[in-house]
Amino acid sequence: MFGGFLQVTPVKTLPDSNTGIRLSKPLRALVNQFLSKPGRAFSLHNLAVATWDWRWRERNLNAVRVNVCRLRRKLAGTQYRIETVRGGGYRVVLAEISLS
């Protein structure tokens with residue numbers, strides 16, 4: 001749970017309002033990593049290890065970037081945003097909501 005408002009369900013979806021967002025195994029692993037310490041920035045290395053465990057060395061770190069891009073697209077239009085952190089990392093934050 002991210003600050004009490006985001007949950008990842010075991011049915012491969014991420015609930016948002018009335019619709020679920022389907023997540024692949026790598027995307028679920030990324031979400032779980034981000035939600036393990038809300039607001040914290042994670043390096044590409046940390047995200048690779050969290051996503052592919054011991055096999056991360058077999059993967060190019062570009063695979064992390066690609067999956068973060070996919071997750072950003074899945075979260076578009078929701079209250080969540082993935083920020084790029086200078087130095088090669090990412091964190092999940094709440095998007096600002098316009099009340100106009």
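## Core and sheet at a glance

The largest nonpolar core has 20 residues. Leu30, Phe34, Leu47, Val64, Leu71, Ile82 and Tyr90 have the most contacts inside this core. The structure is a predicted model.

**What builds the core**

- Two or more core residues come from each of these elements: α1 (25-36), α2 (44-52), α3 (62-75), β4 and β5.
- Helix α1 gives the most, with 5 residues.
- In soluble globular proteins, nonpolar side chains tend to be buried together.

**The sheet**

- Three strands make an open sheet: the 3 strands follow the order β3-β5-β4, and their pairing is antiparallel.
- Strands β3 (42-43) and β4 (80-85) stand at the edges. Each has a single partner strand, so one side of each is left without a neighbour in the sheet.

- Is isoleucine 82 buried or exposed? Isoleucine 82 has a relative accessible area of 6%; the cut-off for buried is under 20%, so this residue counts as buried.
- Isoleucine 82 sits in strand β4.
- Setting aside residues up to four places away in sequence, isoleucine 82 touches Phe34, Val68, Leu71, Arg72, Leu75, Tyr90, Arg91 and Val92.
- Leucine 71 is 11 residues from isoleucine 82 in sequence. In space, the two are 8.3 Å apart, C-alpha to C-alpha.
- Beyond its neighbours within four places in sequence, leucine 71 is in contact with Leu23, Leu27, Leu30, Val31, Phe34 and Ile82.

Notes. Residues numbered from 1 in each chain as written. Predicted model: local features only at pLDDT ≥ 70, side-chain atom pairs only at ≥ 80, totals over all residues. Heavy atoms only, no water. Pairing = 2+ DSSP bridges. Helix = DSSP H or I, 4+ residues; strand = E, 2+ residues; numbered from the N terminus. Core = buried A, V, L, I, M, F, W, Y, C linked by side-chain atoms within 4.5 Å. Buried < 20%, exposed > 50% of the residue type's maximum accessible area, 1.4 Å probe, protein only. Contact = heavy atoms within 4.5 Å.
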